[in-house]
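Try each task before you read its solution.

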Amino acid sequence: MAFAVGERVVAEAESTGRRPLSGVVEEVLRGDPSPRYRIRWDDGHESIYAPASGALRAKQRPKRQQQAAPRKR
């Protein structure tokens, strides 16, 4: 899956003892088939990331809670 500048992404941790990292794609350095991205992580650091298969995914936006329609009497 290819990502674009500005997309929020999550990098899965390599071990179960670590949490996944989330951040924003700042630059696409190289596209498919061997992509490389410059990502600014939510903890403030920035890195060049070449994801292994399935290691990087788009971060899902929180779903909006739908307000219940008023009941008719």
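Two strands count as paired if DSSP finds at least two bridges between them. Keep in mind that this is a predicted model.

**Exercise 1.** Work out how strand E1 is joined to strand E2, and find the residue that stands opposite valine 9.

*Solution.* Start with the ranges: E1 covers residues 8-11 and E2 covers residues 21-30. Finally, look across from valine 9, and you will find glycine 23 in E2.

**Exercise 2.** Describe the pairing of E3 with E4 and the hairpin that they form.

*Solution.* Strand E3 spans residues 36-41, and four bridges pair it with E4 in the antiparallel sense. Now move to the turn: four residues lie between the strands, and glycine 44 takes a positive phi near 105°.

**Exercise 3.** Give the strand order of the open sheet, then explain which strands stand at the edges.

*Solution.* The five strands follow the order E4-E3-E2-E1-E5, with antiparallel pairing. E4 (46-49) and E5 (56-58) each have a single partner strand, so one side of each lacks a neighbour in the sheet, and these two stand at the edges. On average, neighbouring strands are turned by 40° against each other, direction ignored.

**Exercise 4.** Characterise the largest pocket by volume and lining.

*Solution.* Its volume is about 220 Å³. The lining includes Glu12, Arg18, Trp41 and Tyr49. Sorted by class, the lining has six nonpolar, no polar and four charged residues.

Definitions and conventions: Residues are numbered from 1 along each chain as its sequence is written. This is a predicted model: local features need pLDDT of at least 70, side-chain atom pairs count only at pLDDT 80 or more; totals for chains, interfaces and linings use all residues. Side-chain values use heavy atoms; hydrogens and water are left out. On a 1 Å grid over the protein atoms alone, a cavity is a set of points where a 1.4 Å probe fits but cannot get out, and a pocket is an open set with protein on both sides within 12 Å along at least five of seven lines; lining residues have an atom within 4 Å of a point. Grid points are joined across faces, edges and corners, and a volume is the space filled by probe spheres set on the points. Ala, Val, Leu, Ile, Met, Phe, Trp, Tyr, Cys and Pro count as nonpolar, Asp, Glu, Lys and Arg as charged, and the others, Gly among them, as polar. Axes are lines fitted to C-alpha atoms, for helices over the stretch in contact, and angles run from 0 to 180 degrees between N-to-C directions.
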